[in-house]
Amino acid sequence: MTKVNIGALSLNVATAGPPGAPAVILAHPLGADLTVWDEVAPVLAERFFVLRFDARGHGGSDVPPGPYVLADFGGDVVALMDAFGLARAHFVGLSMSGGIGQWLMIHAPDRLDKVVLANTAPYFPGPDGWNARIRAARGEGMAGLAEAVAQRWLTPAFRARNPEKFAQIENLIRAAPPQGYAACCSALRDADLRDAIRAAPPRPVLVVVGESDASTPPALGEALARGLPDAQLLHLQAAHLSCVEAKDAFLAALGDFLS
């Protein structure tokens, strides 16, 4: 891992794979960091130059004062691509970062090749719920949120079979910077791309939904796919963190789609 400065912001970044190969950007969900891709990135790096990063407010990246908006994250991705000399890249975004991917499709379409939008939606309903999370993060920190969030991310069956992985994910959320988490919650609360994404220039898109996803239920992903002319829709037996719970199927789909 290394730190990359983009303007006044420092982002924690990890790269793998041949520098001259087609680029794939992996972007993580709210409250996580680039390590959620630990089992995905090495496989993709056999054929691609893989760039992962901690979004602003997360992991080892800076936590600038909030609130944030999706344009902040989208601008960070474009600046990061510039820093690595990437004119274009495939983009794989899960949950919050699926919103970032949609922002890029709308506002920076010339920088994208294929796009994977996993466990996400063009808007994230329930402002009262987001406001409650913001208050909890600012008031109590992440300790009071981590267990409930981790339980939504992984099905009971997976958690029972993989208690160590569940503990790892819960600890990851617990370690998230509270002020960064709250600032990102504001961005998702206020985001509504439903009209703009339908007007975005067409491109190949893979929309991934988890059959047991309570955070972004399948109906939201299905509606997103219906509104995109070149979208494929993939259902996985998983909750919200499909790149972990359904890793093999997720990787197989990425391999087919990005080839």
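Predicted model: local features only at pLDDT ≥ 70, side-chain atom pairs only at ≥ 80, totals over all residues.
Helix α5 spans residues 143-153, and its buried residues are Leu-145, Ala-146, Val-149, Ala-150 and Trp-153. These residues lie on the same side of α5, because they cover an arc of only 120° around the axis. In an α-helix there are 3.6 residues a turn, so residues three or four places apart point the same way. The packing partners of the buried α5 residues are α4 (127-140), α7 (163-174), α8 (178-190) and α11 (242-245).

The largest pocket has a volume of about 260 Å³. Its lining consists of 18 residues, and those nearest the centre are Phe-124, Trp-130, Arg-133, Ser-215 and Thr-216. Helices α4, α5 and α8 are the elements that each give two or more residues to this lining. Sorted by class, the lining holds ten nonpolar, six polar and two charged residues.

The model has three aromatic pairs. Two of them are listed here.

| Pair | Centre to centre | Angle between planes | Geometry |
|---|---|---|---|
| Trp-37 and Phe-250 | 6.0 Å | 45° | tilted |
| Phe-49 and Phe-84 | 6.3 Å | 50° | tilted |

Trp-37 sits in the loop between β3 (23-27) and α1 (41-44), while Phe-250 belongs to helix α12 (residues 247-258); the pair thus links parts of the chain 213 residues apart. Both Trp-37 and Phe-250 are buried.

Phe-49 is in strand β4 (residues 49-53) and Phe-84 in the loop between α2 (70-83) and β5 (89-94), so this pair ties together parts 35 residues apart in sequence. Phe-49 is buried, at 8% relative accessible area, whereas Phe-84, at 28% relative accessibility, counts as partly exposed.

Key
Residues numbered from 1 in each chain as written. Heavy atoms only, no water. Buried < 20%, exposed > 50% of the residue type's maximum accessible area, 1.4 Å probe, protein only. Helix = DSSP H or I, 4+ residues; strand = E, 2+ residues; numbered from the N terminus. Arc of directions from axis to C-beta. Contact = heavy atoms within 4.5 Å. 1 Å grid on protein atoms, 1.4 Å probe; cavity = no way out; pocket = protein on both sides within 12 Å on 5 of 7 lines; lining within 4 Å. Points joined across faces, edges and corners; volume = space filled by probe spheres on them. Nonpolar A, V, L, I, M, F, W, Y, C, P; charged D, E, K, R; others polar. Phe/Tyr/Trp six-rings, centres within 6.5 Å; stacked < 30°, edge-to-face > 60°.
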